[in-house]
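Hello, and welcome! Let's learn to read a protein structure together, one question at a time.

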Amino acid sequence: MKALEGVRVLDMTHVQSGPSATQLLAWLGADVVKLESITGDITRQQLRDLPGVDSLYFTMLNCNKRSITLNMKSERGKEIFTELVKQSDVLVENFGPGAVDRMGFTWERLQELNPRLIYASIKGFGPGRYRAFKAYEVIAQAMGGSMTTTGFEDGPPLATGAQIGDSGTGIHAVAGILAALYQRQTTDRGQRVQVAMQHAVLNLARVKLRDQQRLAHGPLREYPNKTFGDEVPRSGNASGGGQPGWAVRCAPGGPNDYIYVIVQPVGWKPISEIIGRAELADDPEWATPEARLPKLDKMFQLIEEWTIRHDKWTVLDKLNAANVPCGPILSTKELIEDESLREEGMVVAVDHPERGEFLTVGSPLQLSDSPVEVRTSPLLGEHNQEIYGELGVSPDELAELKTNGVI
Ligand code: CAO
């Protein structure tokens with residue numbers, strides 16, 4: 001048994017935000033049926049590394065799902081969709097605003113068809129002034145408080161590589177869907193779940209709005225910036241939080257030879273010993289967090305004078321041996337080759353019928369009674385026969401639907 005065994009998800013998602021959500025639902029045990037247009041999710045073809053084979057973009061976001069094709073702009077397609085909706089617990093989509101309504105399926109209509117249906121939508125924005133706008137990852141980062149706070153003070157706003165706008169929103173959508181499934185146990189009714197990418201990023205940028213309000217009471221002393229205006233400035237790699245941190249350079253000085261070091265109050269004594277400056281442990285100029293706060297840049301410079309002489313793995317071991325929190329900057333190559341991530345099931349080899357073996361990122365949700373077994377993404381329409389057969393569509397009609405461009 002898996003946690004979501006028996007939950008049927010009709011998955012009309014495409015690109016990243018929606019598929020990241022339904023992949024998690026599949027990993028939790030739901031039967032996720034991905035409904036695609038007859039040309040398929042556009043990402044099957046985007047960023048292809050092998051000719052004619054589903055891209056890694058697609059395969060890494062659509063594992064453990066079944067695939068059907070259906071032309072929602074055909075009359076027969078709409079009829080079949082109606083039957084699918086009646087059999088589903090959850091419908092998830094992330095089309096541009098209004099697309100499902102234009103297909104003829106408003107929330108009111110869907111409720112009529114299946115009052116127990118949970119209908120989840122991911123859009124770029126909430127119902128306010130941006131409601132009709134499309135959105136992509138970095139647009140959400142731009143409008144959700146991430147880009148304005150990422151980068152260095154003297155440089156432009158920066159996008160982060162972690163897909164907080166897409167996959168970050170997907171995770172929020174999963175939370176909403178699970179809560180709706182839980183509430184349905186009492187109400188016996190489905191409900192509408194709406195998640196906006198701008199909202200999800202803003203939720204993740206929450207602490208920066210904390211700092212925006214703190215600014216009214218004076219400079220942000222935990223930031224490395226020397227001057228403050230009336231907006232939270234970009235603060236480079238500063239943690240900006242209760243415990244100061246910075247990325248310091250390591251040997252041999254390559255682009256990812258850095259380690260992020262946090263200096264907790266108890267950490268200063270061991271750090272000062274490790275870096276060969278034991279006298280600073282009790283020096284009133286350095287001994288307390290208050291004393292160090294105005295000169296965090298100098299403090300990290302002292303630490304870097306030591307780290308630059310060692311590789312990041314040595315620094316990791318030495319600092320951790322003294323219980324100092326730190327993390328080397330791991331490159332994508334290092335991550336994909338990381339043995340512990342393989343052992344933990346976070347980097348997983350999956351066998352795909354056309355591309356052969358590929359690596360993907362496993363499920364970060366680890367449940368003791370619902371283990372995840374990552375299976376390949378489906379080929380386009382791979383399960384047409386199986387799923388339409390269950391609906392009572394005969395093999396002859398199936399062939400006809402194919403000829404007529406309905407599936
Ligand atoms: N059969 C027939 N038509 C179908 C179909 C099917 N099975 N599935 C989708 N379509 C049609 C829709 O009906 C719609 O047509 P209309 O506009 O004529 O009504 C069209 O395909 C899909 O439109 P779209 O707006 O979703 O697609 P797009 O490529 O123009 O925009 C995107 C893509 C991502 C910008 C938009 O979907 C969006 O804003 N989504 C919400 C935010 C989001 O999830 N963004 C994540 C992007 S990943 O970085």
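This is a predicted model: local features need pLDDT of at least 70, side-chain atom pairs count only at pLDDT 80 or more; totals for chains, interfaces and linings use all residues.

## Reading sheets, helices and a ligand shell

Q: How do I read the order of the strands in the open sheet of 6 strands?

A: Follow the strands from neighbour to neighbour. Here the order is β3-β2-β1-β4-β5-β6, and the pairing is parallel. At the edges you find β3 (65-69) and β6 (192-196), each of which pairs on one side only. Direction ignored, neighbouring strands of this sheet are turned against each other by 20° on average.

Q: Which strands does helix α1 touch?

A: To read packing, look for the strands that a helix contacts, then compare directions. Helix α1 (residues 17-27) packs on this sheet and touches β1 (8-12), β2, β3, β4 (90-93) and β5. Its direction makes about 155° with that of β2. Helix α8 (residues 197-204) packs on the sheet too, touching β5 and β6, and its direction makes about 65° with that of β6.

Q: What is the strand order in the open sheet of 3 strands?

A: The order is β7-β8-β9, and the pairing is antiparallel. Why are β7 and β9 called edge strands? β7 (245-249) and β9 (326-328) each have a single partner strand, so one side of each has no neighbour in the sheet.

Q: Where can I see the bridges of β8?

A: Strand β8 (residues 258-262) is joined to β9 by 3 bridges, while 5 bridges join β7 to β8. Then move to Val261, which stands opposite Cys326 in β9.

Q: What should I know about side chains along a strand?

A: Here is the general idea: in a regular strand, side chains alternate between the two faces of the sheet.

Q: Which helices lie across the strands β7, β8 and β9?

A: Helix α12 (residues 296-307) lies across β7 and β8, at about 35° to β7. Helix α13 (residues 312-321) lies across β8 and β9, at about 165° to β9.

Q: Now the ligand. Which residues come nearest?

A: Start with the shell of residues around the molecule. It holds 25 residues, of which Ser17, Leu70, Gly96, Lys134 and Asp166 come nearest. By class, the shell has 10 nonpolar, 8 polar and 7 charged residues. Both β2 (31-36) and β5 (118-123) supply at least two residues of this shell.

Q: Which backbone atoms lie by the polar atoms of the ligand?

A: Look for N and O atoms of the protein beside those of the ligand. A backbone N or O atom of Met72 is 2.9 Å from a ligand nitrogen atom. A polar backbone atom of Phe95 lies 3.4 Å from a nitrogen atom of the ligand, and one of Glu137 lies 3.5 Å from a ligand oxygen atom. As for cover, the ligand on its own has 950 Å² of accessible area, and the protein covers 79% of that.

How values were computed:
Residues are numbered from 1 along each chain as its sequence is written. Side-chain values use heavy atoms; hydrogens and water are left out. A residue is near a molecule or strand if one of its heavy atoms lies within 4 Å of it. A polar contact is a pair of N or O atoms within 3.5 Å; within protein, one must be able to donate a hydrogen and the other to accept it, and residues adjacent in sequence count only if both atoms are side-chain atoms. Accessible areas come from the Shrake-Rupley method with a 1.4 Å probe; for residues, only the protein chains shown count as cover. Helices (H or I, at least four residues) and strands (E, at least two) are DSSP runs, numbered from the N terminus. Ala, Val, Leu, Ile, Met, Phe, Trp, Tyr, Cys and Pro count as nonpolar, Asp, Glu, Lys and Arg as charged, and the others, Gly among them, as polar. Two strands pair if DSSP finds at least two bridges between them. Contact means heavy atoms within 4.5 Å. Axes are lines fitted to C-alpha atoms, for helices over the stretch in contact, and angles run from 0 to 180 degrees between N-to-C directions.
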